[in-house]
Amino acid sequence: LIIATLVGVVAITRMRTHSRTVAADPLLYPGAQTLMDISNPDGGRALQLQTSDPLEKVESWYNRNLRPQKTVRLTSSSVVLKNENTTATIASEGGMTNILIKVIER
């Protein structure tokens with residue numbers, strides 16, 4: 001019983017931490033799992049996220065939040081969105097949507 005309680009508390013703490021992080025970071029797609037988050041001292045950043053949401057829903061969310069200046073549809077299941085300093089590559093495969101984000105500081 002004690003172990004189950006501790007596991008539950010850790011899980012709730014992780015969910016709350018992740019929710020706060022998503023709310024505070026406009027690059028993190030809501031509900032997506034963060035697979036990689038690397039920051040450079042120069043302000044650059046690389047992120048890899050994954051979600052079960054469909055490509056169209058993820059693309060729409062990033063269009064609203066990144067406001068890309070360029071959009072390139074590579075295939076029917078992949079798209080690249082780019083604004084001044086952020087590039088988001090979104091690809092769907094096997095029921096999962098992968099999001100790769102690169103931020104460069106100028």
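The legends below describe close-up views of a predicted model.

**View 1. Overall fold of the chain.**
The chain holds 2 helices and 6 strands. Read from the N terminus, the elements follow the order α-β-β-α-β-β-β-β. Of the 106 residues, 28% count as buried. Among contacts with a separation of 6 or more, 36% come from residues 24 or more positions apart.

**View 2**
Six strands form an open sheet in the order β1-β2-β6-β5-β4-β3, with antiparallel pairing. β1 (33-39) and β3 (70-75) stand at the edges. Each has a single partner strand, so one side of each lacks a neighbour in the sheet. On average, neighbouring strands are turned by 10° against each other, direction ignored. Within the sheet, β2 (residues 45-51) and β6 (residues 96-103) pair in the antiparallel sense over 7 bridges. Here L49 stands opposite I99 in β6. Strands of a sheet pair through backbone hydrogen bonds, either parallel or antiparallel.

A hairpin of 2 residues connects β3 to β4. These two strands run antiparallel and are joined by 5 bridges. R73 has V79 in β4 as its bridge partner. A second hairpin leads from β4 to β5 through 3 residues. β4 and β5 also pair in the antiparallel sense, over 5 bridges. S78 has A91 in β5 as its bridge partner. β4 is mostly covered, with 4 of its 5 residues buried.

**View 2. Helix α2 against the sheet.**
Helix α2 (residues 55-66) packs on the sheet. The helix touches β2, β3, β4 (78-82), β5 and β6. Its direction makes about 170° with that of β5. Beyond its neighbours within four places in sequence, Y62 is in contact with L27, L28, Y29, L49, R67, P68, L81, I90, I99 and I101.

**View 3. The largest nonpolar core.**
This core has 18 residues. Those with the most contacts inside it are Y29, L49, Y62, I90, I99 and I101. β2, α2, β4, β5 and β6 each supply at least two residues. The helix α2 gives the most, with 5 residues. L49 and I99 also face each other as opposite residues in the sheet.

T86 lies in strand β5 (residues 86-93). Buried means under 20% relative accessible area. T86 has 5% relative accessibility and so counts as buried. A polar contact of 3.3 Å joins its side chain to that of N85. Not counting residues up to four places away in sequence, T86 touches L27, L66, L81, I101, K102 and V103.

**View 4. The R45–D25 salt bridge.**
A search of the whole structure finds 4 salt bridges. In one of them, the side chains of R45 and D25 meet at 2.7 Å, N to O. R45 lies in strand β2, while D25 lies in the loop between α1 (2-24) and β1. The pair therefore ties together parts that are 20 residues apart in sequence. R45 is buried, with a relative accessible area of 18%. D25 is buried too, with a relative accessible area of 11%. Side chains of opposite charge can pair when their charged atoms come close.

D53 forms a salt bridge with K57, the closest N and O atoms being 3.9 Å apart. K57 is partly exposed, with a relative accessible area of 48%. The side chains of R73 and E59 meet in another salt bridge, at 2.7 Å, N to O. This pair links distant parts of the chain, with R73 in strand β3 and E59 in helix α2, 14 residues apart. R73 is partly exposed, with a relative accessible area of 44%. E59 counts as buried, at 11% relative accessibility. Elsewhere, salt bridges that share partners join D25, D37 and R45 into one network.

Technical notes:
Residues numbered from 1 in each chain as written. Predicted model: local features only at pLDDT ≥ 70, side-chain atom pairs only at ≥ 80, totals over all residues. Heavy atoms only, no water. Buried < 20%, exposed > 50% of the residue type's maximum accessible area, 1.4 Å probe, protein only. Polar contact = N/O pair within 3.5 Å; in protein donor to acceptor, adjacent residues only side chain to side chain. Contact = heavy atoms within 4.5 Å. Pairing = 2+ DSSP bridges. Axes fitted to C-alpha atoms, helices over the stretch in contact; angles between N-to-C directions. Core = buried A, V, L, I, M, F, W, Y, C linked by side-chain atoms within 4.5 Å.
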